[in-house]
Amino acid sequence: MKECPKCFDQRMVPSDDPGGDVMNTPCPVCNVDPYKVTIGGVKADPYRIARAYGLNGAETQALKKLLRCGKKHKTRLEDQMEVISTIQREIEMDEEDANEK
């Protein structure tokens, strides 16, 4: 992976490595799409990974944030804090649902 020289927020463009062309964020310069990721020829974007593991909506959101952590307009720490907040809310909802039974 190498940084796109024209992106202002450290977006990444694929390297010349045919075995792993993971793309992190869409880039208006190089037109990389993070949802059409392949690793070793296998489709591996965040939503396909979530589906393969049977994750729910909140877990999928947390996974997506982790996979793209710090590579968009937020810092790595901001994204990590949002992941924690997302999972905490999921836990709260599970507890609320359990208490209603």
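The structure is a predicted model, and its chain contains three helices and four strands, which follow one another along the sequence in the pattern β-β-β-β-α-α-α. Of the 101 residues in the chain, 31% count as buried. Helix H3, which spans residues 76-100, gives the most to a negative surface patch, with four residues, and helix H3 is also the place of Arg89 and Glu92, two residues that form a salt bridge with each other.

**Overall make-up**

- The accessible surface of the chain comes to about 7000 Å², and carbon and sulfur atoms account for 54% of that surface.
- Among the contacts in the chain that have a separation of 6 or more, 21% are between residues 24 or more positions apart.

- Thr60 is placed in helix H2, which covers residues 57-67, and Thr60 counts as buried because its relative accessibility is 13%, where the limit for a buried residue is under 20%.
- When residues up to four places away in sequence are not counted, Thr60 touches Tyr47, Ala50 and Leu55.
- Ala62 also has its place in helix H2, and with a relative accessibility of 5% Ala62 counts as buried.
- Once its neighbours within four places in sequence are left aside, Ala62 is in contact with Val83, Thr86 and Ile87.
- Ala62 and Gln80 are 18 residues apart in sequence, and their C-alpha atoms are 8.9 Å apart in space.

**Salt bridges**

- A search of the whole structure finds five salt bridges, and those described here include the pairs Lys74 with Glu82, Glu92 with Arg89, and Glu96 with Arg89.
- In the salt bridge between Lys74 and Glu82, the closest N and O atoms are 2.5 Å apart.
- Both partners of that pair are partly exposed, Lys74 because its relative accessibility is 25% and Glu82 because its relative accessibility is 26%.
- Lys74 and Glu82 also belong, together with Lys65, to a linked network of salt bridges.
- Arg89 forms a salt bridge with Glu92, in which the closest N and O atoms are 3.2 Å apart, and the two residues are separated by about one helical turn because they are three residues apart in helix H3.
- The side chain of Arg89 also meets that of Glu96 in a salt bridge, with a distance of 3.2 Å from N to O.

**Surface patches**

- Glu59, Asp94, Glu95, Asp97 and Glu100 form a negative surface patch, to which helix H3 gives the most, with four residues.
- Leu77, Met81 and Ile84 make a nonpolar surface patch of about 300 Å².
- Ile84, one of the residues of the nonpolar patch, lies in helix H3 and is partly exposed, with a relative accessible area of 43%.

Notes:
Residues are numbered from 1 along each chain as its sequence is written. This is a predicted model: local features need pLDDT of at least 70, side-chain atom pairs count only at pLDDT 80 or more; totals for chains, interfaces and linings use all residues. Side-chain values use heavy atoms; hydrogens and water are left out. Patches are made of residues with over 30% relative accessible area and no salt bridge: like charges are joined within 9 Å, nonpolar side chains (Val, Leu, Ile, Met, Phe, Trp, Tyr) within 5 Å. Accessible areas come from the Shrake-Rupley method with a 1.4 Å probe; for residues, only the protein chains shown count as cover. A salt bridge is a side-chain nitrogen of Lys or Arg within 4 Å of a carboxyl oxygen of Asp or Glu. Lys and Arg count as positive and Asp and Glu as negative; His and the chain ends are not counted. The place of a charge is taken as NZ of Lys, CZ of Arg, CG of Asp or CD of Glu. Buried means under 20% relative accessible area, exposed over 50%, partly exposed in between (1.4 Å probe, protein chains only). Contact means heavy atoms within 4.5 Å.
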